[in-house]
Amino acid sequence: MTCCGIFRFSQHTKEGYLLKKRLSFILLYFCLLSLLCLGVYELFFVDKGERMSESENRMLSAFPSLSASTLADGSFMSGFETFLSDAFPFRDDAADFTDKVMELVSIPNDGPATGEMEDQLWDNLEEQEAAFQQLLEEERAAEETADEKENEAPAEGDAQTPAAVESEPVSIWLERADGSREVIFTYKPGFMTEFAALLNRYRARLPEDGRLYFLSPQVADVANNIIGKTKYVGWGTNLVDVLQPLVDDGVVIMDDMAILNPYLNDAPSALYPTEDYHWHAIAASITADELISSQGVAPADYDQYRYWLSFRHDNRDYSTEQLAGMTYSRETIEIMSAISPAESYFLNHITGRQRTVFTMSEGGYVGFLGGHKGPWRLIEGGFHTGRNAFVMGDCFTIPLIPYLAPYYDQIISTDVRDNFYSVPLAGANIGDYIDAYEVDDMYVVWTNNYMFFNGTIPSRMSAYLDMSY
């Protein structure tokens, strides 16, 4: 090779090296620039407070407090690193993608087969669920036998006890302007007698000075026959008249239709939306005020709270006076800001807890207690009242519980419907939870949508109360 050839080869090699180095520098520059832009985005555009992660079922970290002490002990930097990790955009998608990649490239070892422990756990859960289903079937069979005996004609000289037959059927109706009524629902004959016996069983688990309150709120579809309309001017039910005489002392039947009736077309904001069947916070507040005032306690009414507006992204809470001067959709959910310190947890196996939100600024009904999940919840209030409560019911309890929280040290809550309750995760029966948390008062809240149509809810309430684990 000539000297000229060697020089050209050396020149090309040097140019290739410089080009490669330049490309590496450009790539590194763009990576650093992207990271800088990502950091700026997280610092300026991501919510700095705690947020609920639905996929991980946990609270995401808030921006850490900056002070001389947190800088000195290193807690600011560790908290800042955690905040950046939790604020990473599309983190759920990235985590899911990473998990799938790791599954593809993972190498099996000589240890237990992948998922063996999980399979054993689920086998155990399935056994417990199967045992529970058998218990329900046995209970239904016993109930059917009892119903057949009740339907048999009594022998001569036998007398039926007063509680064996309801004095009249329980109905729900809409009232017209002329005073006439249109019945929209009637409970099946004999149901209230059976349900009264069930409420009495629950009351027996409370202390002597305890109270059990039962109420059955109506859904938006019923209320919206009256709100803003002229054909119907009110609603009503004879639930209290029929059910109250059938229950023991310490069981109080509340008429939520009577409580809300004066406010249906005369409230600071709508009691119900039109596109959803839940009630708004103001309806829950009015109901909670009546529950608390019936106990001789002056309630903190709706106006004493401040409210976030769902779907409004200013992360600001407003007074009710400010809300009165604003115009927003009737579908907008007003989410109260706590008037005292309060913490909320998902609860399992009596003492196992995982922190969730109490209330937060966005997310619709997820703004209340982080949404409707089970099997149990624990809410710790900021006031020291010396009393604890238990709330059982459907999704109407989610906005109601925050209004009850200031009056109790602790509130435990559950929903026994299939989609929200897990026998294995509960880890104990309802009676065990009542005893462990020293419950004083109990609130049973079922809308007629779920409670009475097929008897599922009473059956669950009965089975879960004392079932063996």
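User: How close do the axes of α10 and α12 come, and at what angle do they cross?

Analyst: In this predicted model, the two axes come within 9 Å and cross at roughly 50 degrees.

User: Which residues meet where α10 and α12 touch?

Analyst: From α10 you have A281, A284, S285, T287, A288 and I292, and they meet P399, L400, Y403 and L404 in α12. By class, that contact has 8 nonpolar, 2 polar and no charged residues.

User: Why is α12 called mostly covered?

Analyst: A residue is buried when its relative accessible area is under 20%, and 8 of the 8 residues in α12 are buried. They are T397, I398, P399, L400, I401, P402, Y403 and L404.

User: And what about P406: where does it lie, and why is it called buried?

Analyst: P406 lies in the loop between α12 (397-404) and β14 (410-414). Its relative accessible area is 10%, and the limit for buried is under 20%, so P406 is buried.

User: Which residues does P406 touch, not counting residues up to four places away in sequence?

Analyst: With those set aside, P406 touches Y305, I339, F383 and T385. Take F383: its C-alpha atom is separated from that of P406 by 5.9 Å, with the two residues 23 apart along the chain.

User: How do you know that S269 counts as buried?

Analyst: S269 has 16% relative accessibility. Buried means under 20%, so S269 counts as buried. You'll find S269 in the loop between α9 (256-260) and α10 (281-293). Leaving out residues up to four places away in sequence, S269 touches I282, Y302, Y328 and E334.

User: What makes T230 exposed?

Analyst: Here the relative accessible area is 71%. Exposed means over 50%, so T230 is exposed. T230 sits in the loop between α7 (220-223) and β6 (232-237). C-alpha to C-alpha, T230 and A177 are 8.0 Å apart in space, while in sequence they are 53 residues apart.

User: Now the other helix pair. Why are α6 and α16 called roughly parallel?

Analyst: Helix α6 (residues 191-203) and helix α16 (residues 456-466) pack at an angle of about 25 degrees. Angles under 35 degrees count as roughly parallel, so α6 and α16 are roughly parallel to each other. Their axes are 11 Å apart, and the crossing is left-handed.

User: Which residues of α6 and α16 meet, and how do they divide by class?

Analyst: On the α6 side, F191, F195, L198, R201 and Y202 meet P458, M461, S462, L465 and D466 in α16. The residues of that contact divide into 7 nonpolar, 1 polar and 2 charged.

User: What makes α16 mostly covered?

Analyst: In α16, 9 of the 11 residues are buried. The buried ones are I457, P458, S459, R460, M461, S462, A463, Y464 and L465.

User: Is L369 buried or exposed, and how do you know?

Analyst: L369 has 0% relative accessibility. Buried means under 20%, so L369 counts as buried.

User: And for the protein as a whole, how many helices and strands are there, and what share of residues is buried?

Analyst: The protein has 16 helices and 15 strands. Of its 469 residues, 42% are buried. The accessible surface comes to about 25400 Å², and 56% of that belongs to carbon and sulfur atoms. Among contacts between residues at least 6 apart in sequence, 69% join residues at least 24 apart.

Key: Residues are numbered from 1 along each chain as its sequence is written. This is a predicted model: local features need pLDDT of at least 70, side-chain atom pairs count only at pLDDT 80 or more; totals for chains, interfaces and linings use all residues. Side-chain values use heavy atoms; hydrogens and water are left out. Axes are lines fitted to C-alpha atoms, for helices over the stretch in contact, and angles run from 0 to 180 degrees between N-to-C directions. Helices (H or I, at least four residues) and strands (E, at least two) are DSSP runs, numbered from the N terminus. Angles under 35 degrees count as roughly parallel, over 145 as roughly antiparallel, 65 to 115 as roughly perpendicular and the rest as oblique. A crossing is left-handed if the near helix is turned anticlockwise from the far one by less than a right angle, and right-handed if clockwise. Contact means heavy atoms within 4.5 Å. Ala, Val, Leu, Ile, Met, Phe, Trp, Tyr, Cys and Pro count as nonpolar, Asp, Glu, Lys and Arg as charged, and the others, Gly among them, as polar. Buried means under 20% relative accessible area, exposed over 50%, partly exposed in between (1.4 Å probe, protein chains only). Accessible areas come from the Shrake-Rupley method with a 1.4 Å probe; for residues, only the protein chains shown count as cover.
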